[in-house]
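Colleague: Before I rely on this model, I would like to go through it with you, one point at a time.

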Amino acid sequence: MNNKSKYIIASVILSSALMTFVDGVVEPQYMVKSAVKLVLFLIIPLVYFVRNRKEFGRLKALFIPQKKDLVFAAFLGAGVYAVILAGYFFFRNIADFSGITAQLTGNSGVTADNFVFVAVYISFVNSLLEEFFFRGFAFITLAEKSNVKFAYIFSALIFALYHTGMMIAWFEIWVFALALIGLFIGGSIFNWLNSHCKNIYPSWIVHMCANFAINTVGFMLFGII
């Protein structure tokens with residue numbers, strides 16, 4: 001494994017671990033957390049490309065969409081939206097989801113009054129930031145420097161574990177375990193979507209649709225709809 005691969009792996013692990021610590025232990029207000037995440041998930045990967053200027057072409061290619069991939073991703077995203085909502089309606093009488101709103105309000109300052117703004121940010125900006133970090137940097141860029149299978153597993157696993165800090169207090173342990181498995185599978189699917197086109201738009205579209213569904217559930221939990 002070359003030095004570039006080692007740098008990517010180390011920076012992804014460190015950034016994800018720090019962000020998980022911020023989410024699960026520090027628990028700052030949402031705007032502060034978003035600022036920290038911007039540094040860890042955007043600035044640190046950009047340092048890699050600044051240090052390896054010959055790879056600026058790879059950075060640019062991550063943001064060049066291909067129409068045929070976007071159409072497929074849109075249909076897949078609509079399916080993901082439907083599945084997540086169906087899952088909520090199936091489990092809402094089995095699992096207690098009330099801890100989500102209590103945790104968000106108590107620790108992050110997210111309330112029914114500002115949830116619309118937070119939902120828009122999560123759906124569009126936060127999802128793009130995560131796709132650049134976990135798929136553009138931790139998968140596509142890493143796969144070109146190391147083993148593709150390793151990049152698949154590494155990116156999907158880190159993506160799932162990163163959510164530990166924010167979710168561990170939301171659900172009962174069995175729901176939490178199911179969520180982690182689902183996130184690993186979702187991360188693997190995101191990697192597959194981007195594997196042939198080498199840009200982050202297909203996974204970003206599906207990620208947005210997943211966030212739309214989660215935010216729809218949030219609107220219901222907050223009593224907005």
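What follows is a short exchange on confidence, charged pairs, aromatic rings and a surface patch.

Colleague: Which helix has the lowest confidence in the protein chain?
Modeller: The model is predicted, and the protein chain averages a pLDDT of 88, with 89% of the residues scoring at least 70. Where pLDDT is low, the predicted coordinates should not be read in detail. Confidence is highest in helix H7 (residues 148-162), at a mean of 95, whereas the lowest mean, 61, belongs to helix H5 (residues 98-108).

Colleague: How many residues apart in sequence are the parts that the salt bridge of Glu 55 and Lys 145 ties together?
Modeller: The closest N and O atoms of Glu 55 and Lys 145 are 3.1 Å apart. Glu 55 lies in the loop between H2 and helix H3 (56-61), while Lys 145 lies in the loop between H6 and H7, so the pair ties together parts whose separation in sequence is 90 residues.

Colleague: Is Arg 135, the salt-bridge partner of Glu 131, buried or exposed?
Modeller: The closest N and O atoms of Glu 131 and Arg 135 are 2.5 Å apart, and because the two residues are 4 apart in helix H6, about one helical turn separates them. Arg 135 also lies over the face of Phe 159, at 4.3 Å from the ring centre. Since buried means under 20% relative accessible area, the value of 0% for Arg 135 makes this residue buried.

Colleague: What kind of aromatic pair do Phe 134 and Tyr 162 form?
Modeller: The structure holds 23 aromatic pairs, and in this one the rings are 5.3 Å apart, centre to centre, with 40° between the planes. Phe 134 lies in helix H6 and Tyr 162 in helix H7, so the pair ties together parts that are 28 residues apart in sequence. Both Phe 134 and Tyr 162 are buried, and both belong to one aromatic cluster that also includes Phe 133 and Phe 159. Planes under 30 degrees apart would count as stacked and those over 60 as edge-to-face, so with 40° between its planes the pair is tilted.

Colleague: Which helix gives the largest share of the nonpolar patch?
Modeller: The patch on the surface is formed by Val 116, Val 120, Phe 124, Val 125, Phe 212, Ile 224 and Ile 225, with about 590 Å² of accessible area together. Phe 124 counts as partly exposed because its relative accessibility is 41%, and its place is in helix H6. The largest share, 4 residues, comes from helix H6 (residues 115-143).

Conventions:
Residues numbered from 1 in each chain as written. Predicted model: local features only at pLDDT ≥ 70, side-chain atom pairs only at ≥ 80, totals over all residues. Heavy atoms only, no water. Patch = residues over 30% accessible without salt bridge, like charges linked within 9 Å, V, L, I, M, F, W, Y side chains within 5 Å. Areas by Shrake-Rupley, 256 points an atom, 1.4 Å probe, with all protein chains shown as cover. Salt bridge = Lys/Arg side-chain N within 4 Å of Asp/Glu carboxyl O. Buried < 20%, exposed > 50% of the residue type's maximum accessible area, 1.4 Å probe, protein only. pLDDT = per-residue confidence, 0-100. Phe/Tyr/Trp six-rings, centres within 6.5 Å; stacked < 30°, edge-to-face > 60°. Lys NZ or Arg CZ within 6 Å of the ring centre and 35° of its normal.
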